[in-house]
Every structure is written in C-alpha cells, then in structure tokens.
Amino acid sequence: MATQPPKTDPITVSELKKYDGTDPSLPIYVGIKGDVFDVSAKREVYGAGNGYNVFTGKDSSKALGKSSLKIEDCVADYSDLTEKELQTLDEWHAFFSKRYNIVGKVVPDN
C-alpha cells in the first residue's frame, strides 16, 4: 500500500534504467505517465526474470495502456493510444497509485 505522499524529485531517463531489478541492492522502479513508482515490495513480480520485469527501469506507459508485455511497447510516449487504451492506462496509474509510493518524476537526461 502506498503510505507516503507522492514525491516530485526528478529522476532522469538514464538514472531510471538502473532501477530495473537486476541489482538486488537497488529498489525497482516503474514509470507511468511520468510518475515513478517504487515496486520493490513485489520483487517476485517485477524483479529480474519475472513476468512484469519488462516494465521496470523505464516509463512503460504505452505498454500498460495496450496491456502489452512487448519490450518495444515499453515507452513513455502514449500519444497514439486509442480512447479505450488511454482509459486502461489511467486505470493502471490508479492501481499503482493505491499500492506503491511515487518516488519521483521522469525527466529527460539533459
């Protein structure tokens, strides 16, 4: 359950890549609509080699909207999603917001 107020600390795209579940000493982060969620509590789901690891270390908004596990869909740009897919993305964001703390916002590397 999310227990802390959302943070707005900037997390660059490159920095976010480090939090993909491959280093057990680091938390696991998933980006959705620019918000970065700490999903470390569910390592068995998001950790390296597990089903939803594809979403980690990046903003995977498009894939979540499309309900896709394809790596090529795991990108931040969701501008081409349909209305139904946008609704799905919003539902995923709400789901994550209730369960995981927002630890920052995705920002460009520059």
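Me: Why is Ser 60 called buried?
Reply: Happy to explain, with the reminder that this is a predicted model. Buried requires under 20% relative accessible area; Ser 60 has 0%, so the label applies. Ser 60 sits in the loop between α2 and α3. Leaving out residues up to four places away in sequence, Ser 60 touches Gly 31, Val 54, Phe 55, Cys 74 and Val 75.

Me: And what makes Ser 67 count as exposed?
Reply: The cut-off for exposed is over 50%, and Ser 67 has a relative accessibility of 58%, so Ser 67 counts as exposed. Its place is the loop between α3 and α4. The phi of Ser 67 is near 55°, a positive value in a residue other than glycine. For background, most residues other than glycine have a negative phi.

Me: How do you know that the length of α4 agrees with what a helix should span?
Reply: At 1.5 Å a residue, the 17 residues of α4 should span 24 Å, and the end C-alpha atoms are 25 Å apart, so the two agree.

Me: What makes you say that the buried residues of α4 line one face?
Reply: The buried residues here are Glu 85, Thr 88, Leu 89, His 93 and Phe 96. Seen down the axis of α4, they fall within an arc of 140°, so they line one face of the helix. On the other side of α4, Glu 83, Lys 84 and Lys 98 are exposed. The cover over the buried residues includes β2, β3, α2 and α3.

Me: Which residues touch the most other members of the largest nonpolar core?
Reply: In that core of 16 residues, they are Val 30, Ile 32, Phe 37, Val 39, Tyr 46, Phe 55 and Phe 96. Two or more core residues come from each of β2, α3 and α4. A second, separate core has six residues, among them Ile 11, Tyr 19, Tyr 29 and Val 36.

Me: What is Ile 32 in contact with, beyond its neighbours within four places in sequence?
Reply: The contacts of Ile 32 are Phe 37, Asp 59, Ser 61, Leu 64, Leu 89, His 93 and Phe 96.

Technical notes:
Residues numbered from 1 in each chain as written. Predicted model: local features only at pLDDT ≥ 70, side-chain atom pairs only at ≥ 80, totals over all residues. Heavy atoms only, no water. Core = buried A, V, L, I, M, F, W, Y, C linked by side-chain atoms within 4.5 Å. Buried < 20%, exposed > 50% of the residue type's maximum accessible area, 1.4 Å probe, protein only. Helix = DSSP H or I, 4+ residues; strand = E, 2+ residues; numbered from the N terminus. Contact = heavy atoms within 4.5 Å. Expected span 1.5 Å × (residues − 1). Arc of directions from axis to C-beta.
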